[in-house]
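Please look over the structure below, and then read the briefing that follows, which is grouped by topic.

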Amino acid sequence: MAGRQRHRLLLENAEQLVLVCGRREPFLRRDGAHGLALLRAASLVVGLDGCIKAVGQADVIRNEFSEATFERIIDCSGKCVVPGLVDAHTHPVWAGDRVHEFAMKLAGASYMEIHQAGGGIHFTVEHTRKATEDELLATLQQRLGRMLRAGSTLVECKSGYGLDLDTELKMLRAIERARKSTAIGISSTYCGAHAVPKGKTATEATDDIINNHLPKLKELKLSGEMHVNNIDVFCEKGVFDLESTRRILQAGKDIGLQINFHGDELHPMKSAELGAELGARAISHLEEVSDEGIVAMARAKCAAVLLPTTAYMLRLKQPQARKMLEEGVIVALGSDFNPNAYCYSMPMVMHLACVNMKMSMNEALAAATINAAYALGKSDTHGSLEVGKQGDLLIINSSRWEHLIYQFGGHEALINYVIVKGKVIYENERCETMSSY
């Protein structure tokens, strides 16, 4: 019996309660991603500390907590509970949209053609440099709010539209302020090597990052002014080559940052092999990854963060998700939200992963929860509904959780509640009057 203790939240009688993991697995791969831990007619308790205290059959939980009191009780009869979604790759801090470039892409212009003509990243850099920190924070908070309402409770947030030290720090400060002022969880990534700044060579940009940017970041981290978790480089032909990427990533690792970078997107660069060698936590994109790179990533337990929205919007070939899954790579998903791939919705990302990358719905949910959390170094606290983990979860207005993926673009009528640390952050009242079928 739990006695007369007070708790934050009781979710009762869920039709399906999708734990994702049931044995504290840090990630799921191969057969583990095929079948997810799931309970029927189940309940869940979140304590006052925001962590899950109990998960189990509804009658067992009712008996164990019969004398306990709760700040809030939600009847989940006929509904499903799933972990809060984790978006493992976003670029949410910038000014100046690129809707005009979408028209250019539809007319046949490639990503690198737009980039070399002064558009793409450089267009956004120009506008982001002019924006104030407060302006960047305001738009970041709005974007994070939209991600939250679409079910994301933990989001990776990159800098990378400054390219000079002052603007990169301005972006990272906006991320730090958002971390403190919004409910959504944030993993912060320094991405000063997102492009080569105008007027510099790649070697000069690399030297500037290693000699100026990273020492300043180390200073701010040590003083507690800024919490940066990851380092990212765009390893690509015409941007940062393999050797420059190696130098920057190693320098970032040396000051305590996790390696989590863009690789093998537009051209085969042997990024996967490099990441495995350096002990990278994750590599994103991988549309052009080699067979050897896939094997190396599986052996190194380096997560592949696949971005189906990017391949879809840029008309690239799809990442080899099935081959990666079969070889034992830890496959995660991200929205790649940015001015070039404007998508906030992880349910839509999962749908695209299933349709275009041939992932199963179980594999997609694992990739958007426990494996995405692993890619950010947070699967010990996030990504599954297990005792001791943070109480981040969604209540779905459906008797089967798969509707969250099946209904393409339908999350606005499906996500009834978004809960972070056991507190209701978003309640969708339309779910009470609207059928989700």
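The second largest pocket is lined by 13 residues, and those lying nearest its centre are Arg146, Arg149, Ala150, His411 and Glu412. Two elements, α6 (133–149) and α18 (411–414), each give two or more residues to the lining of this pocket. The model is predicted, so local features need a pLDDT of at least 70 and side-chain atom pairs count only at pLDDT 80 or more, while totals for chains, interfaces and linings use all residues. Residues are numbered from 1 along each chain as its sequence is written, and side-chain values use heavy atoms, with hydrogens and water left out.

**Terms for spaces and elements**

- On a 1 Å grid over the protein atoms alone, a cavity is a set of points where a 1.4 Å probe fits but cannot get out, whereas a pocket is an open set with protein on both sides within 12 Å along at least five of seven lines; lining residues have an atom within 4 Å of a point.
- Grid points are joined across faces, edges and corners, and a volume is the space filled by probe spheres set on the points.
- Helices (H or I, at least four residues) and strands (E, at least two) are DSSP runs, numbered from the N terminus.
- In the lining classes, Ala, Val, Leu, Ile, Met, Phe, Trp, Tyr, Cys and Pro count as nonpolar, Asp, Glu, Lys and Arg as charged, and the others, Gly among them, as polar.

**Pockets**

- The second largest pocket has a volume of about 230 Å³, and its lining has six nonpolar, three polar and four charged residues.
- This second largest pocket lies between domain 1 (6–83 + 385–427) and domain 2 (85–376), because both give residues to its lining; the domain bounds come from an automatic or database domain assignment.
- The largest pocket holds about 460 Å³ of space and is lined by 22 residues, with Phe102, Lys105, Met313, Leu314 and Asn340 nearest its centre.
- At least two lining residues of the largest pocket come from each of α3 (99–106), α4 (111–116) and α12 (308–314), and α3 gives the most, with four residues.
- By class, the lining of the largest pocket comprises 14 nonpolar, four polar and four charged residues.

**Cavities**

- There are three cavities of 30 Å³ or more, and the largest cavity has a volume of about 120 Å³.
- The largest cavity is lined by 14 residues, of which Tyr111, His194, Asp336, Asn338 and Asn340 are the closest to its centre, and the lining divides into four nonpolar, seven polar and three charged residues.
- The second largest cavity holds about 50 Å³ of space, and its lining is made up of Gly84, Val86, Thr153, Thr381, His382, Gly383, Ser384, Gln390 and Asp392.
- In the lining of the second largest cavity, one residue is nonpolar, seven are polar and one is charged.

**Positive phi values and burial**

- Most residues other than glycine have a negative phi.
- Val20, which is not a glycine, has a positive phi of about 75° and lies in strand β1 (residues 6–20).
- Val20 counts as buried because its relative accessibility is 2%, where buried means under 20% relative accessible area, exposed over 50% and partly exposed in between (1.4 Å probe, protein chains only).
- Leu163 also has a positive phi, near 70°, and is found in the loop between β7 (152–158) and α7 (165–181), where it counts as buried at 4% relative accessibility.
- Lys198 belongs to the loop between β8 (185–193) and α8 (202–223) and counts as exposed, because its relative accessibility is 63%.
- Lys198 and Leu163 are 35 residues apart in sequence, and their C-alpha atoms are 9.3 Å apart in space.

**Helix α14**

- Helix α14 (residues 346–357) is mostly covered, with nine of its twelve residues buried, including Met346, Val349, Leu352 and Met357.
- At the start of α14, a side-chain oxygen of Ser345 comes to within 3.1 Å of the backbone nitrogen of Met348.
- Just after α14, Lys358 takes a positive phi of about 65°.

**Annotated region**

- An unreviewed UniProt entry carries the annotation "domain: Amidohydrolase-related" over residues 81–424; such positions are given in the numbering used here, feature names are shortened, and annotations may be inferred rather than shown by experiment.
- Over residues 81–424 the chain is 46% helix and 16% strand, and the end C-alpha atoms are 13 Å apart.

Note on methods:
Polar contact = N/O pair within 3.5 Å; in protein donor to acceptor, adjacent residues only side chain to side chain.
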